[in-house]
Amino acid sequence: MDLLNTLVDKGLRRESPTRDEALAVLATSDDDLLDVVAAAGKVRRHWFGRRVKLNYLVNLKSGLCPEDCSYCSQRLGSTAGILKYTWLKPGEASEAAAAGLAGGAKRVCLVASGRGPTDRDVDRVSETIRTIKDQHEHVEVCACLGLLSDGQAERLREAGADAYNHNLNTSEATYGDITTTHTYADRVDTVNKAHAAGLSACSGLIAGMGESDGDLVDVVFSLRELDPDSVPVNFLIPFEGTPLAKEWNLTPQRCLRILAMVRFVCPDAEVRIAGGREVHLRSMQPLALNLANSIFLGDYLTSEGQAGKADLEMIADAGFEVEGAEQVTLPEHRAAAAAGGCGSHESAGCGSHAAAGCGSEAGSGCGSHEGGGVCGTASSPEPATGEARTDLVAVRRRGAGTDLAPNA
């Protein structure tokens, strides 16, 4: 297929595909799906080999969010039966992080629900970061706290944060349809603040909210322009008790095409399969490792993922290897730029960044809400849109904020 040959050539050169080419990837047929995966897999292996980076989430503060993000179980007005608790103490957060690190994770993502942190919250998270780093010398720490005020990103970096996550989530044109309490521009501003402070940027999207192919391409091209080092791709988990509870628009094939499109547009960025992989990709999760080079280990913020042991077995069985703490995730040109602060990817970009910024975490609401995550045992076919599926979404009842051992 000429399209795929062209996209591979461009990906190996870090050259941007055209918008029409990206749309064409999403429009490919199921008959061509394995060819699409194989082509995007060439780009993934060129920049990242067969390594899979493991990340581990610690939900520092669950629920009680004043923002109205339609996809989020922690939103204002949500009736989802999730865990609700205020800030974990630094020692509690470090203990939770230790479980993920013992399971093979090299990055810990510290997430807190809310519009954004107060200065006191930044002090609290800074203490948590220092506690984790004192106990785990080589760990990477990413903070995901919502909209940042002036100076807060710099304080997090001084405390030892390596990265900041804040997702764009969807296209600018449709952002107002999913959130009214803050704007798309607010999100871009926080991405730029993190970038300017020298934090490695993590910013991604949520697929499956009823958006069009054009919306998906628009948000991914916007991310390429912002040039984050990592791009989390979340697949909406329609929590019962949220406005999008009946939005079941994804199939495993659709998810694979979306991941392939993101890889072609952001060839040398860390592409992470985030919330929702277990319920939407299901038995095709191993195939997705040919497209993404990063996943979350174990559970998500408010929902369960498949068992951590199953994650590790999946990676090995698919012929990949867990990335070690001593290995550098990013390609050499990106790693060199990041060493001087994420702010300087002149030619590194997800491809071609001009007035770049950097981003933030998986499916986040106004800072913390991955796209969901579910138990790893779901195998039933995708239901029709309009039918709520409470059986496929397992609310997290273990780990941070509970007395039960975490899944890692």
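Which residue's side chain meets that of Asp150 in a salt bridge? The partner is Lys193, with 3.5 Å between N and O, and this pair is one of several features described below for what is a predicted model. The protein chain has 14 helices and 10 strands, and of its 408 residues, 63% count as buried.

**The chain as a whole**
- Among contacts between residues at least 6 apart in sequence, 80% join residues that are at least 24 apart.
- The protein chain exposes about 13900 Å², and carbon and sulfur atoms supply 48% of that area.

- In soluble globular proteins, nonpolar side chains tend to be buried together.
- Here the largest nonpolar core has 96 residues, and those with the most contacts inside it are Val58, Leu156 and Phe235.
- Helix α10, which covers residues 252-265, gives this core its largest share, namely nine residues.
- Another core, of 10 residues, lies apart from it and includes Leu57, Cys109, Ala274 and Phe296.

- Helix α3 (residues 33-48) has 16 residues and reaches 22 Å from its first C-alpha to its last, which is close to the 22 Å expected at 1.5 Å a residue.
- Among the buried residues of α3 are Leu33, Val36, Arg44 and Trp47, and just after this helix Gly49 takes a positive phi of about 60 degrees.
- In helix α13 (residues 308-317), the residues Gly308, Asp311, Met314 and Ile315 are buried.
- Seen down the axis of α13, these buried residues fall within an arc of 120 degrees, so they line one face of the helix.
- On the other side of α13, Lys309 and Asp317 are exposed, while the cover over its buried residues includes β1, α11, α12, β9 and β10.
- Just after α13, Gly319 takes a positive phi of about 85 degrees.

**Salt bridges**
- Side chains of opposite charge can pair when their charged atoms come close, and the structure holds 26 salt bridges.
- In the pair from the opening question, Asp150 and Lys193 meet at 3.5 Å, N to O.
- Because Asp150 lies in the loop between β3 and α6 and Lys193 in helix α8, the pair ties together parts that are 43 residues apart in sequence.
- Asp150 is exposed, with a relative accessible area of 69%, whereas Lys193 counts as buried at 18%.
- Glu140 forms a salt bridge with Arg107, where the closest N and O atoms are 2.9 Å apart.
- That pair links strand β3, which holds Glu140, with strand β2, which holds Arg107, the two residues being 33 residues apart.
- Glu140 and Arg107 also belong, with Lys53, Glu270 and Arg272, to a network of salt bridges.

Technical notes. Residues are numbered from 1 along each chain as its sequence is written. This is a predicted model: local features need pLDDT of at least 70, side-chain atom pairs count only at pLDDT 80 or more; totals for chains, interfaces and linings use all residues. Side-chain values use heavy atoms; hydrogens and water are left out. Helices (H or I, at least four residues) and strands (E, at least two) are DSSP runs, numbered from the N terminus. Buried means under 20% relative accessible area, exposed over 50%, partly exposed in between (1.4 Å probe, protein chains only). Contact means heavy atoms within 4.5 Å. Accessible areas come from the Shrake-Rupley method with a 1.4 Å probe; for residues, only the protein chains shown count as cover. The arc is that of the directions from the helix axis to the C-beta atoms. A nonpolar core is a set of buried Ala, Val, Leu, Ile, Met, Phe, Trp, Tyr and Cys residues joined through side-chain atoms within 4.5 Å. The expected span of a helix is 1.5 Å times one less than its number of residues. A salt bridge is a side-chain nitrogen of Lys or Arg within 4 Å of a carboxyl oxygen of Asp or Glu.
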